[in-house]
Amino acid sequence: MSNIAKAFANGKAFIPFVTCGDPDLETTANIVRAMAEAGADLIELGIPFSDPTAEGPVIQSANVRALSAGTTTDRIFDLVQDLRKDVTIPMVFMTYANVVFSYGAEKFISTCQEIGIDGLILPDIPYEEKDEFDPICKRYGVDLISMVAPTSEDRIAMVAKEASGFIYVVSSLGVTGVRSEITTDIGAMVELIRANSSCPCAVGFGISTPEQAKKMAGLADGAIVGSAIVKLIAQYGREAVPYVADYVKQMKEAVLSCET
Amino acid sequence: MTNPKGRFGIHGGQYIPETLMNAVIELEAAYDHYKNDPAFQAELTQLLNDYAGRPSRLYYAAKVTEDLGGAKVYLKREDLNHTGAHKINNVLGQALLAKKMGKSRLIAETGAGQHGVATATAAALVGMECVVFMGEEDTKRQALNVYKMRLLGAEVIPVTTGTGTLKDACSAAFREWTNRIADTHYCLGSVMGPHPFPTIVRDFQAVISREIKEQLMEKEGKLPDAVIACVGGGSNAIGAFYHFIDDPSVRLIGCEAAGRGVNTAETAATIATGRLGIFHGMKSYFCQDQFGQIAPVYSISAGLDYPGIGPEHAHLHDISRAEYVPITDDEAVEAFEYLSRMEGIIPAIESAHAVAYARKLAPTMRKDQIIVVNISGRGDKDCAAIARYRGEDIHE
């Protein structure tokens, strides 16, 4: 069983995202530890990319800040190695295909295994292109996370059947970012996924409030939040740790309070 | 040359978010249907001829030929098309296709503004809404084109992220497409992006080489010895090369923007300085750092200021069927002035990169040999910028 399954063993999962190196790697380390302590079930670590085409303005800016601070893939690997001394919950990388490809897919993915990264989310790798990395991921026991979108329709079964780790349910059209309302029929999407896969489903894109997280977790197995956390970091910089910890605690409570 | 997954050798593919997958699948199905539909082709041909002014002229540049003292130089006059560049060939095709697909809105990226103007023009013609994304830096370099797009009824959105140039405009257009798919077609301007765009755009631009072949056969009774075109993403170049790919005697030469030189960081010459990567939906060559971060490229030409190259060009390079050479800003500006003085033709600064290489190549060839230079666009839009480059401040 994939290590990621542990994230879904404590009731509904809360999955926070953070861009590594925003504003610096030391702050990232503090934030990750605080999030784990505050009840995060799985953490998505963003490796910044110069041109993140699936991100809205909030995470785009975080990428710029992180890269300007000199963050590199190698330094992030060092960060994870350090975190793994005491952080035991599953962690996955979220980045873009070129970051992995350019590093050398085998070298990148084998390093993930060595340092304790459990999965890889690459929003520009759809089902049709997953052979680029999936066979290597399987060899090193790293789950390549599949994404399902509101436009997937007839593709959902195909994607779900070959998924591993968890399935990332994209709540809305467009890029990442806070939304006041999520109108997609998430319940119908999850139903189709469950008919074709035993992987847990986590919903992301646009979730920021405890009410939204509760609702989404009720329809699936967990909720993913990125932009709302990155916003706190943009606002408070190196002082963001307690604010992020409070937020994660509140969101974990929200997902646990949902009834299914 | 495209296999079912849209590959040119190892290049191409569909590296895009899941959200867009059904949109490109739908586009591919529609294109496969309409490309073989005689009614669609007849409608497009009529637009290309009666509206855009095709076929464009193949002009024998006698003075240039005499001055360079070698091969005969012909100019393919895409600059004479309606809207002043080759971009209209692709845009009319895509606008018509989008209309048939029931879309009511076109979005596009633009660098120099030529593709944006062409898209705004086609949208006005077929009655569609139009939104153009343009790097903020480029809206300054090409203010006249911004005005034209708005005049034609398009909304122009300046893109401030990243370097504020073509790649950022392209990213912004992809983001907008994931946000609004049902009524919107992304009218991509070059032979890049995910499959089927590199194939669709190439097919619509291939009219250039089809005409060159016929026109030169009529004038000279033979094939050219070399075809030269500038390359950013590579749409005018692939259009000029395509029908010669299977004629091995024809040298195909793409001129990349070297900016201040391929040994500086201020360059956009992808084949000369880039390496294999995955970006903007495709596997191809890209200018990038050791960790795969896309490089902030530079060229005097907003239209060539792109860190990648279309996947079919990458493949033609791999198999050595086409050659790619870097041309610096200085060389391009000199060629811009040279063609203006010699022939009374002001080329786009993009096309001037191709003219610059013709000036190097022609003298090394025999007088019975022939070079065709694709003048992909006209240079009116560049006059103010080139004047500034030469230290003269003029107001448009």
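User: How far apart are the C-alpha centres of domain 1 and domain 2 of chain B?

Analyst: This is a predicted model, so local features need pLDDT of at least 70 and side-chain atom pairs count only at pLDDT 80 or more, while totals for chains, interfaces and linings use all residues. Residues are numbered from 1 along each chain as its sequence is written, with chains lettered from A and ligands numbered from 1 in the order in which they are written. Chain B divides into domain 1 (7–48 + 87–201) and domain 2 (54–84 + 206–389), with bounds from an automatic or database domain assignment. Their C-alpha centres are separated by 22 Å.

User: Which element gives the largest share of the side of domain 1 of chain B that touches domain 2 of chain B?

Analyst: The contact takes 39 residues from domain 1 of chain B and 38 residues from domain 2 of chain B; two residues are in contact if their C-beta atoms, placed from the backbone, lie within 7 Å. Elements here are DSSP runs numbered from the N terminus: helices are H or I, at least four residues, and strands are E, at least two. On the domain 1 side, α4 (87–100) and α5 (114–126) of chain B are among those supplying at least two residues each. The largest share, five residues, belongs to β2(B).

User: How many residues of that domain 1 side are charged?

Analyst: Ala, Val, Leu, Ile, Met, Phe, Trp, Tyr, Cys and Pro count as nonpolar, Asp, Glu, Lys and Arg as charged, and the others, Gly among them, as polar. The side of domain 1 of chain B that touches domain 2 of chain B holds 17 nonpolar and 18 polar residues. Its charged residues number four.

User: Which element gives the largest share of the side of chain B that touches chain A?

Analyst: The interface puts 27 residues of chain B in contact with 32 residues of chain A. On the chain B side, β2 (11–15), α1 (18–34), α8 (166–179) and β11 (275–279) each give two or more residues. By class, that side has 10 nonpolar, 13 polar and four charged residues. The largest share, six residues, comes from α8(B).

User: Which strands stand at the edges of the six-stranded sheet of chain B, and why is one side of each without a neighbour?

Analyst: The sheet is open and mixed, in the order β3-β4-β14-β9-β10-β13 (chain B); strands pair if DSSP finds at least two bridges between them. Its twist averages 30° from one strand to the next, with axes as lines fitted to C-alpha atoms, for helices over the stretch in contact, and angles from 0 to 180 degrees between N-to-C directions. Each edge strand has a single partner, so one of its sides has no neighbour in the sheet. Those strands are β3 (58–60) and β13 (322–328) of chain B.

User: At what angle to β13(B) does helix α13 of chain B run?

Analyst: Strand β13(B) runs parallel to β10 (residues 251–259) of chain B, joined by seven bridges. C255(B) has V325(B) in β13(B) as its bridge partner. Helix α13 (residues 311–318) of chain B lies across β9 (226–231), β10 and β13 of chain B. Its angle to β13(B) is about 110°.

User: What angle does the direction of α5(B) make with that of β6(B)?

Analyst: A second open sheet of chain B has four parallel strands in the order β7-β6-β5-β8. Within it, β5 (residues 105–110) and β6 (residues 129–135) of chain B pair over six bridges, and A108(B) has V132(B) as its bridge partner. Helix α5(B) packs on the sheet, touching β5 and β6 of chain B, and makes an angle with β6(B) of about 175°.

User: What radius of gyration does chain A have, and why does it agree with a compact globule?

Analyst: Chain A has 11 helices and nine strands, and its C-alpha trace spans about 45 × 40 × 30 Å along the principal axes. The radius of gyration is taken over C-alpha atoms, and the globule rule is 2.2 Å times the number of residues to the power 0.38. For 260 residues a compact globule would come near 18 Å, which agrees with the radius of chain A, 17 Å.

User: Is A223(A) buried or exposed?

Analyst: A223(A) lies in strand β9 of chain A, and its contacts include F14(A), V203(A) and V255(A). A residue is buried with 20 or more other C-beta atoms within 10 Å of its own, exposed with 12 or fewer, and partly exposed in between, C-beta atoms being placed from the backbone. A223(A) has 30 C-beta neighbours inside 10 Å, and therefore counts as buried.

User: Which residue of β8(A) is the bridge partner of V170(A)?

Analyst: Strand β8 (residues 201–204) of chain A is covered on both faces, with C201(A) and V203(A) buried on one side and A202(A) and G204(A) on the other. It pairs in the parallel sense with β7 (residues 167–170) of chain A over four bridges. In β8(A), the partner of V170(A) is G204(A).

Notes:
Lists of a residue's contacts leave out its neighbours within four places in sequence.
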